[in-house]
Amino acid sequence: MSSFLNSQSRIEFTPDPLGGVIDPEGCHCDSESDAVMHYLVGSTGGFRDDVFGFVASVLRDVGTGHGDGLRGIADIIERDPRVAAEFVANVLAHGNLLEAAGFVYWTTPRGEQWVEIADKDAGDEA
């Protein structure tokens, strides 16, 4: 199987003999929802349940084929932009573009590089 198709396959969790599950990175989690959040999104602190529900709403809307595409996602974001912002910040932190301590975020060297490239590209377009 190609790495692209493998990256889209279902995530395998191992039952933890002490309770809960173990994600593919070896993290011991209380539940599958905790494990999928840790593995794919990173930590979301006190908003974990809200962010999990937000992602489920987006996937449910898109996955049914009856959703309204990006407009449907925008509607979900408009319902609670704070949760959408938490999701985005955690995905960026999980991608090592941001670092977080509680609710304080700052860019990493990789994030600074992203901004430098974006600024350079914007200058090239001017």
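In this predicted model, helix 2 and helix 3 meet through Ser33, Asp34, Val36 and Met37 on the side of helix 2 and through Arg48, Val51 and Phe52 on the side of helix 3. Sorted by class, this contact of helix 2 with helix 3 holds 4 nonpolar, 1 polar and 2 charged residues. The two helices pack at an angle of about 80°, with their axes 11 Å apart, and an angle between 65 and 115 degrees counts as roughly perpendicular, so helix 2 and helix 3 are described as roughly perpendicular to each other.

**Overall layout**

- The protein has 6 helices and 5 strands, and from the N terminus on these elements follow one another in the order α-β-β-β-α-α-α-α-β-β-α.
- Of the 126 residues of the protein, 21% count as buried.
- When contacts between residues at least 6 apart in sequence are considered, 25% of them join residues at least 24 apart.

- Helix 2 spans residues 32-41, and its buried residues are Ser33, Ala35, Met37 and Val41.
- The cover over these buried residues of helix 2 includes strand 2 (21-22) and strand 3 (28-29), together with helix 3 and helix 5.
- After helix 2 comes glycine 42, which has a positive phi, near 95°.

**Helix 3 against helix 4**

- The axes of helix 3 (residues 48-63) and helix 4 (residues 69-79) come within 10 Å and cross at roughly 155°, which means that helix 3 is roughly antiparallel to helix 4.
- Helix 3 passes helix 4 in a crossing that is right-handed.
- From helix 3, the residues Phe54, Ser57, Val58, Asp61 and Val62 meet Gly69, Gly72, Ile73, Ile76 and Ile77 of helix 4, and by class this contact of helix 3 with helix 4 is made up of 6 nonpolar, 3 polar and 1 charged residues.

**Helix 3 against helix 5**

- The axes of helix 3 and helix 5 come within 9 Å and cross at roughly 95°, so helix 3 lies roughly perpendicular to helix 5.
- Helix 3 takes part in this contact through Asp50, Val51, Phe54 and Val55, while helix 5 takes part through Arg82, Val83, Ala84, Glu86 and Phe87.
- By class, the contact of helix 3 with helix 5 includes 6 nonpolar and 3 charged residues, with no polar ones.

**The nonpolar core**

- In soluble globular proteins, nonpolar side chains tend to be buried together.
- In this model, the largest nonpolar core has 9 residues in all, namely Met37, Val41, Phe47, Val51, Phe54, Val58, Ile76, Val83 and Ala84.
- Helix 2, helix 3 and helix 5 (81-94) each supply at least two residues of this core, and helix 3 gives the most, with 3 residues.
- Met37 and Val41, two members of this core, are also listed among the buried residues of helix 2.

- Isoleucine 76 lies in helix 4, and because its relative accessibility is 9%, isoleucine 76 counts as buried.
- Although isoleucine 76 and valine 58 are 18 residues apart along the chain, their C-alpha atoms are separated by 7.0 Å.

**Two loop residues**

- Proline 24 has its place in the loop between strand 2 and strand 3, and with a relative accessible area of 44% proline 24 is partly exposed.
- Once neighbours within four places in sequence are set aside, proline 24 is in contact with Ile11, Glu12, Phe13 and Tyr39.
- The C-alpha atoms of proline 24 and valine 36, which are 12 residues apart along the chain, are separated by 9.6 Å.
- Asparagine 96 lies in the loop between helix 5 and strand 4 (98-101), and at 44% relative accessibility asparagine 96 counts as partly exposed.
- The phi of asparagine 96 is near 65°, which is a positive value in a residue other than glycine.

Key
Residues numbered from 1 in each chain as written. Predicted model: local features only at pLDDT ≥ 70, side-chain atom pairs only at ≥ 80, totals over all residues. Heavy atoms only, no water. Axes fitted to C-alpha atoms, helices over the stretch in contact; angles between N-to-C directions. Helix = DSSP H or I, 4+ residues; strand = E, 2+ residues; numbered from the N terminus. Parallel < 35°, antiparallel > 145°, perpendicular 65-115°, else oblique. Left-handed = near helix turned anticlockwise from the far one by under 90°. Contact = heavy atoms within 4.5 Å. Nonpolar A, V, L, I, M, F, W, Y, C, P; charged D, E, K, R; others polar. Core = buried A, V, L, I, M, F, W, Y, C linked by side-chain atoms within 4.5 Å. Buried < 20%, exposed > 50% of the residue type's maximum accessible area, 1.4 Å probe, protein only.
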